[in-house]
Amino acid sequence: DSISFSFDLLHEVSYTDCEDAGFFIKFLQRLKKLCSIDWNVINTTQRHSFGYEKIPISLIKKDVNITKDINFLFAFRATGDNHVFLGFRDGNVFQVVFIEHTFGDIYNH
């Protein structure tokens with residue numbers, strides 16, 4: 001079960017305030033690596049590597065506008081450091097909701 005990413009639900013705050021193009025290049029490189037592994041590997045990998053952690057919706061600082069009844073978002077490392085991108089799994093597709101280009105903008109770490 002390979003992983004795919006969708007940006008249909010990406011909130012504008014994820015990219016409108018970021019002036020660092022290098023961040024997004026690193027982010028795309030990270031997505032490419034994640035696409036080369038499957039959900040079984042992701043589910044057993046540490047969160048600071050290619051795994052994730054669950055962040056309750058109540059801890060998100062920004063308005064979460066999604067139609068599904070979601071209680072938490074998965075946080076993956078966006079660039080291999082502590083910056084994250086958050087979303088939820090919909091089958092084999094990961095719906096990206098936020099990209100945190102500035103540490104702590106989306107939730108308190």
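Predicted model: local features only at pLDDT ≥ 70, side-chain atom pairs only at ≥ 80, totals over all residues.
Strand β5, which covers residues 93-99, is largely enclosed by the rest of the structure, because 6 of its 7 residues are buried. Two other strands pair with β5. Strand β1, made up of residues 4-6, runs parallel to β5 and is joined to it by 3 bridges, and within this pairing S6 has Q95 as its bridge partner. Strand β4, made up of residues 84-90, runs antiparallel to β5 and is joined to it by 6 bridges, with L86 and F98 as one of the pairs of bridge partners. Strands β4 and β5 also form a hairpin with 2 residues between them, and in the turn of this hairpin G91 has a positive phi of about 70 degrees.

The loop between β3 (72-77) and β4 contains H83. With a relative accessible area of 18%, H83 counts as buried, because the cut-off for a buried residue is under 20%. The side chain of H83 reaches the backbone oxygen of H101 at 3.3 Å. When residues up to four places away in sequence are left out, the residues that H83 touches include F23, F76, R77 and A78, as well as E100, H101, T102 and F103.

Helix α1 spans residues 21-35 and has 15 residues; the distance from its first C-alpha to its last is 21 Å, close to the 21 Å expected at 1.5 Å a residue. The buried residues in α1 are F23, F27, R30, L31 and L34. Seen down the axis of α1, these buried residues fall within an arc of 100 degrees, and they therefore line one face of the helix. Such an arrangement can be followed along the sequence, because an α-helix has 3.6 residues a turn and residues three or four places apart point the same way. The face of α1 turned away from the buried side carries the exposed residues A21, I25, L28 and K32. The elements that cover the buried residues of α1 include β1, α2 (39-43) and β3, together with β4 and β5.

C18 is buried, with a relative accessible area of 17%, whereas C35 is partly exposed, with a relative accessible area of 37%. The structure holds 0 disulfides.

Methods
Residues numbered from 1 in each chain as written. Heavy atoms only, no water. Buried < 20%, exposed > 50% of the residue type's maximum accessible area, 1.4 Å probe, protein only. Helix = DSSP H or I, 4+ residues; strand = E, 2+ residues; numbered from the N terminus. Pairing = 2+ DSSP bridges. Polar contact = N/O pair within 3.5 Å; in protein donor to acceptor, adjacent residues only side chain to side chain. Contact = heavy atoms within 4.5 Å. Disulfide = S-S within 2.5 Å. Expected span 1.5 Å × (residues − 1). Arc of directions from axis to C-beta.
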